Structure formats: structure tokens, C-alpha cells
Amino acid sequence: MDYTLYNYSLTTALVLMLFFALYFVTARTPEKPIFSNYMRSRRIMGAALLLLSANYSVHLCCGLRFRSPNAAILMNISTYFLCYWLFSSALTALLDRTYLTRHRFTCHISYWMLYTATACCIFATTQGIWQHTGLMAMALCLLAYGIMLSRRLILTYRRAVSLFDDTHSEHIAAYIRWMSIFTWWALIYGVSCGVWTFLPDKYVFVWILSSIPFYIYLYCSYMNYLLFYEQVESILESETATTDDTDTASTDIPAYHATIEKNLKGWLAGNGFTRQGLTIEELALELGTNRTYLSAYIKATFHVSFREWIAAHRIEYAKQLLMEEPRKTVAEVSEASGFMSLSYFTKIFTEKEGSSPAKWRKH
């Protein structure tokens with residue numbers, strides 16, 4: 001068999017991976033305390049990429065897959081197990097800075113050592129079909145572990161999105177959407193790696209080449225997120241602290257609902273929702289209540305999040321401006337309605353009305 005394509009693809013992936021890993025570990029960030037968690041996450045991700053780079057280097061320099069296929073499978077599944085933990089912990093920590101604890105770190109390292117020791121025992125004490133079957137079983141365990149970590153990350157992501165939507169009128173969740181995309185991509189790619197590990201040698205280059213867009217997306221996402229990290233982390237810190245202070249509030253629904261409803265009518269009549277960057281905390285202060293009561297009122301009465309409720313009022317106001325002030329551009333209408341992003345305004349308007357603002361105005 002000609003290994004030229006395999007070697008070229010492995011070399012290309014290895015060079016890119018080493019570059020990304022070294023950047024994650026050594027590149028500087030703004031010298032502010034708030035970026036410490038971002039730096040920690042990026043270094044963990046860099047460690048995962050260095051580990052994968054070491055795996056690729058062994059394959060490239062030693063040709064392990066062709067000399068001892070089962071030994072190559074053993075090395076791969078052990079590497080992937082530890083990398084699954086590093087990848088998931090790096091991303092989860094971006095949304096929950098309390099996630100990484102010494103106890104959790106020790107537990108997962110212990111899981112990895114036990115998993116690797118078990119795989120080594122299978123490799124050393126069995127042969128032929130039994131060895132292959134044992135390694136297949138270990139691959140299935142790896143898949144289950146990856147799914148468990150992905151589920152935890154997705155739940156953390158959804159909690160963060162819910163927090164943003166319930167407290168801010170702007171679409172803050174858009175800044176972290178890449179984590180959801182990457183998690184699902186990583187899950188699919190991880191399953192594929194488990195399958196392709198057992199594929200015939202002539203198809204291995206497909207597995208290697210598939211990693212290149214995966215890691216490019218990861219690198220670009222971390223680079224872009226640096227622009228929004230301070231804003232997102234500040235919100236997470238402040239909202240978490242506020243939640244801790246207000247979650248024990250009374251749930252006397254009739255009393256506070258009546259007060260909020262009365263005060264809210266005047267606020268809506270004055271188009272208070274057109275203020276850009278409005279938060280539920282600011283609105284609660286204006287209405288003479290607290291954010292817990294107001295959030296509960298909005299959910300119980302309108303069955304939507306704070307962001308969706310504000311967006312609905314802004315869309316109705318924008319429709320009024322589109323009809324009554326034809327000289328205003330769509331961008332001016334968007335800004336006057338309280339939207340900070342024209343693209344987000346267009347997206348929300350199109351979803352609600354079935355056409356873009358410009359087309360809706362013509363009709």
C-alpha cells in the first residue's frame with residue numbers, strides 16, 4: 001500500500017494542530033483579572049491539542065497503525081478519552097467558572113487511568129477476535145463518556161442562554177452560540193473517530209483530513225470570542241450574584257402581579273422598551289419591584305423570556321415606524337426601535353412577519 005497520501009494528510013494536520021496548541025498556551029490576552037478564566041480555558045484547550053499532536057507524531061514517525069493496528073487503537077482511545085475531558089472542561093469553564101475543581105479533576109484523571117489500564121490489560125492478555133472485541137467494547141465506553149460530557153456542556157450552555165434571555169433585552173446568547181455548534185460537531189467527530197479507528201488503512205486519510213476544518217473552527221471561535229468575552233463574563237458574574245440574593249423572594253403572585261401590571265402600562269405607553277441595552281434589573285427598578293418578581297410575571301403572563309417579550313414590543317413599534325415614516329431607512333428604524341444590531345432586527349422581524357422589513361414595508 002502507498003502511504004504517501006496518509007503521510008501528507010497527517011503532516012498537514014499535525015502542523016496546524018501544533019500551531020493552534022502553541023497559540024492557545026502562549027498567546028497573550030488583555031491584562032485584566034476578568035480574562036483569567038478565558039486564559040485558563042484556552043490553556044486547557046491547548047493542552048488537549050498538544051496531546052493530540054503527540055498522538056499524531058507517533059503515528060507519523062513510527063507508523064504504529066501499520067506495524068501494530070491494535071496497539072494504535074489502544075493509544076488512540078486512551079488519547080481521545082483524556083482529550084474528551086479536556087475539551088469539555090475547557091468549554092464548560094467558560095460558562096461556569098466554578099466547574100473546574102480539584103475533586104472533579106482528580107476524578108476524571110482517575111477515570112482515564114482506569115480506562116487506559118483496562119484497555120492495556122485487554123491488549124496484553126487477549127489475542128485475535130477476543131482482543132478486537134475487547135477494544136471495540138472500550139470504544140463503546142469511550143463513546144458513552146463523550147456523550148455524558150457533551151450532555152453536561154449542552155446543559156450548561158442552555159442555562160447560560162436562559163439566563164441571558166431572562167435578564168437582557170439584547171441577544172447576548174449569540175456570542176456563545178459557537179459553543180453549541182462546536183459541541184455537536186465534536187460529538188459527531190468523536191463518534192466518527194471511534195468508527196474510523198477500525199476502518200481499513202486506505203481510508204484513514206479521510207479521518208485525518210476531517211480534523212482540519214474542525215480545529216480551524218475551534219481556533220477561529222476562540223479568537224472571535226475574545227472580543228465578547230468580557231461582556232459575557234461580566235453578565236454571568238453579576239447575574240449569578242444577583243440570583244443568589246433574590247431567589248428566596250416570596251412568590252405571592254396576586255399581590256405583586258397587580259402592582260407590576262399597573263406600573264407597566266405607563267412604561268409601555270412611553271415606549272420604554274426602545275432603550276438599547278435594557279436589562280430586567282433596570283426595568284424592575286423603574287417599576288418599583290425586583291427582578292425576580294418581574295421575571296416571574298413576564299413568564300406567567302406572556303409565557304416568553306424577557307428578551308422575547310421586549311423584542312415583540314420593539315417589532316410592533318418598528319412596524320409602526322415603517323408605515324408612518326417612509327423616509328426612515330430600515331437601519332434607522334431598527335435603531336429607533338431599540339435594536340443594537342440591524343442583522344438581529346432583520347432576523348427577528350423576518351421570523352415574526354414572514355418577510356424582511358424592506359419587503360414588508362412595500363406590501
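Visitor: In which helix is Thr79 found?

Guide: In this predicted model, Thr79 is found in helix α4, which covers residues 69-95.

Visitor: Why is Thr79 called buried?

Guide: The relative accessible area of Thr79 is 9%. Buried means under 20%, so Thr79 is classed as buried.

Visitor: Why is the pair of Phe24 and Tyr219 called tilted?

Guide: The ring centres of Phe24 and Tyr219 are 6.3 Å apart, and the cut-off for a pair is within 6.5 Å, so the rings do pair. Their planes stand at 40°. Stacked requires under 30 degrees and edge-to-face over 60, so this pair is tilted.

Visitor: How do you know that this pair links distant parts of the chain?

Guide: Phe24 belongs to helix α1 (residues 4-26) and Tyr219 to helix α8 (residues 204-246), and the two are 195 residues apart.

Visitor: Are Phe24 and Tyr219 buried or exposed?

Guide: Phe24 has 0% relative accessibility, and Tyr219 has 16%. Both values are under 20%, so both residues are buried.

Visitor: What makes the pair of Trp185 and Tyr217 tilted?

Guide: The centres of the Trp185 and Tyr217 rings are 5.4 Å apart, with 50° between the planes. Trp185 lies in helix α7 (residues 177-196) and Tyr217 in helix α8, 32 residues apart.

Visitor: Why are Trp185 and Tyr217 called partly exposed?

Guide: Trp185 stands at 30% relative accessibility, and Tyr217 at 23%. Buried would need under 20% and exposed over 50%, so both residues are partly exposed.

Visitor: How do you know that the charged end of Arg42 sits over the ring of Tyr23?

Guide: The charged end of Arg42 is 5.1 Å from the centre of the Tyr23 ring, and the distance limit is within 6 Å. Tyr23 is also one of the residues that ring pairs link into a cluster, which includes Phe24 and Tyr219.

Definitions and conventions: Residues numbered from 1 in each chain as written. Predicted model: local features only at pLDDT ≥ 70, side-chain atom pairs only at ≥ 80, totals over all residues. Heavy atoms only, no water. Helix = DSSP H or I, 4+ residues; strand = E, 2+ residues; numbered from the N terminus. Buried < 20%, exposed > 50% of the residue type's maximum accessible area, 1.4 Å probe, protein only. Phe/Tyr/Trp six-rings, centres within 6.5 Å; stacked < 30°, edge-to-face > 60°. Lys NZ or Arg CZ within 6 Å of the ring centre and 35° of its normal.
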